Amino acid sequence: MVVLSASEEKELLIDILEIKKDILTMIYKAQSGHPGGSLSCANLIYLLYKKVMKIDSQNPAWKERDYFILSKGHAAPALYAVLSKIGFIDRSELFTLRQLGSTLQGHPIKNEQLGIEVSTGSLGMGLSIGVGCALAAKLDKNNRRIYVVLGDGELNEGSTWEAAMAASHYKLDNLTAIIDRNGIQIDGSTEEVMALEPLAEKWKAFGWNVIEVDGSNLGELFEGFNKSKNIIRKPTVLISYLIKGSDVSFMEHTKKYHGRPPSKQEYTSAISEIDQIIETISVK
Ligand SMILES: Cc1ncc(C[n+]2csc(CCOP(=O)(O)OP(=O)(O)O)c2C)c(N)n1
């Protein structure tokens with residue numbers, strides 16, 4: 001089985017921290033956006049683009065490419081920062097987030113050249129689109145895989161469960177859903193607002209192959225993605241336990257920064273916290 005080497009993991013971790021700084025800078029400059037849920041899923045989106053998916057930034061329309069769908073579209077800054085890191089989006093464009101006339105709006109707008117496959121933002125749509133893409137790939141005899149990132153609060157949308165039912169009915173083994181299980185949604189804990197547990201059992205009952213991972217552990221995530229590629233006649237869901245606002249202490253485990261930009265002082269302090277983590281990792 002392919003595993004990440006220690007040096008690969010270190011490189012990825014540093015890149016992810018740089019991506020987190022970009023996320024904060026974009027949202028700070030725009031004074032608008034969703035830091036909490038962008039920080040929680042940045043690592044898994046980067047790992048997918050960097051080590052798991054078949055894509056080519058020099059040929060965005062490549063017919064054989066895998067598809068990525070950010071169903072929790074409010075985490076667009078994470079997607080944009082990753083796409084910039086891997087060469088789809090010019091870095092200078094990143095900091096036009098949410099400005100009038102910018103292609104980088106608060107929620108993703110389909111743009112094949114920039115590597116954005118699908119417009120999202122209205123929660124509950126992404127898995128259904130993923131099911132459609134996975135079915136189409138089967139009909140076209142195209143080996144592409146479809147990856148869909150969902151928020152846990154987003155699972156309150158009933159349409160997600162219709163899509164889940166359809167995916168197993170059509171035996172879509174080319175479809176992987178990843179749940180950012182950070183436990184907090186817009187106005188509180190997911191279990192208080194609309195309880196999800198027992199979540200793994202629910203997906204099993206819908207006919208999915210379920211893999212639970214510590215999403216902060218890149219090795220575990222990577223293993224989960226690789227396992228999902230070998231499952232036959234079933235879609236896979238990775239329930240990925242993550243931390244809302246991760247790597248910025250005052251943003252962690254709180255709904256406060258779900259949709260609130262940092263102040264100047266908060267921004268400075270967040271960047272210096274991340275710089276310190278980068279320094280610690282770099283000298284190891
Ligand atoms: C259909 C729809 N209803 C409501 C919203 C507003 N909204 C944006 S984010 C959010 C909470 C999502 O929580 P979660 O999926 O857990 O996101 P995360 O914590 O991962 O950022 C809500 C209700 C929306 N974007 N779409």
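Buried means under 20% relative accessible area, exposed means over 50%, and partly exposed covers the range in between. At 35% relative accessibility, Lys-171 therefore counts as partly exposed. The structure is a predicted model.

**Ligand site**
- The ligand takes up the space of the second largest pocket.
- Around the ligand there are 18 residues, of which Lys-72, His-74, Asp-152, Gly-153 and Lys-244 come nearest.
- By residue class, the shell around the ligand divides into three nonpolar, nine polar and six charged residues.

**Contacts to ligand oxygen atoms**
- Lys-244 places a polar side-chain atom 2.7 Å from an oxygen atom of the ligand.
- For Asp-152, a polar side-chain atom lies 2.8 Å from an oxygen atom of the ligand.

**His-258 and its link to Lys-244**
- The side chains of His-258 and Lys-244 are joined by a polar contact of 2.7 Å.
- Lys-244 is also one of the residues that come nearest to the ligand.
- His-258 belongs to the loop between strand E7 (236-241) and helix H10 (264-283).
- Its relative accessibility is 10%, so His-258 counts as buried.

**Buried residues in a helix and a strand**
- Leu-12 is placed in helix H1, which spans residues 6-30.
- With a relative accessible area of 3%, Leu-12 is buried.
- Leu-12 and Lys-51 are separated by 39 residues in sequence, and their C-alpha atoms are 9.6 Å apart in space.
- Ala-177 is part of strand E3, residues 175-181.
- The relative accessible area of Ala-177 is 0%, so this residue is buried.
- Ala-177 and Pro-262 are 85 residues apart along the chain, with 30 Å between their C-alpha atoms.

**Backbone geometry**
- Most residues other than glycine have a negative phi, and most peptide bonds are trans.
- Lys-171 is not a glycine, yet it has a positive phi of about 55 degrees.
- The position of Lys-171 is in the loop between helix H6 (158-169) and E3.
- His-253, also not a glycine, has a positive phi of about 55 degrees.
- The loop between E7 and H10 contains His-253, and His-258 lies in the loop between these two elements as well.
- His-253 has a relative accessible area of 55% and is exposed, whereas His-258 counts as buried.
- From Glu-197 to Pro-198 the peptide bond is cis, with omega near 0 degrees.
- Pro-198 sits in the loop between helix H7 (190-194) and helix H8 (199-205).

Definitions and conventions
Residues numbered from 1 in each chain as written. Predicted model: local features only at pLDDT ≥ 70, side-chain atom pairs only at ≥ 80, totals over all residues. Heavy atoms only, no water. Near = heavy atom within 4 Å. Polar contact = N/O pair within 3.5 Å; in protein donor to acceptor, adjacent residues only side chain to side chain. 1 Å grid on protein atoms, 1.4 Å probe; cavity = no way out; pocket = protein on both sides within 12 Å on 5 of 7 lines; lining within 4 Å. Sits in = over half its atoms within 2 Å of the grid points. Nonpolar A, V, L, I, M, F, W, Y, C, P; charged D, E, K, R; others polar. Helix = DSSP H or I, 4+ residues; strand = E, 2+ residues; numbered from the N terminus. Buried < 20%, exposed > 50% of the residue type's maximum accessible area, 1.4 Å probe, protein only.
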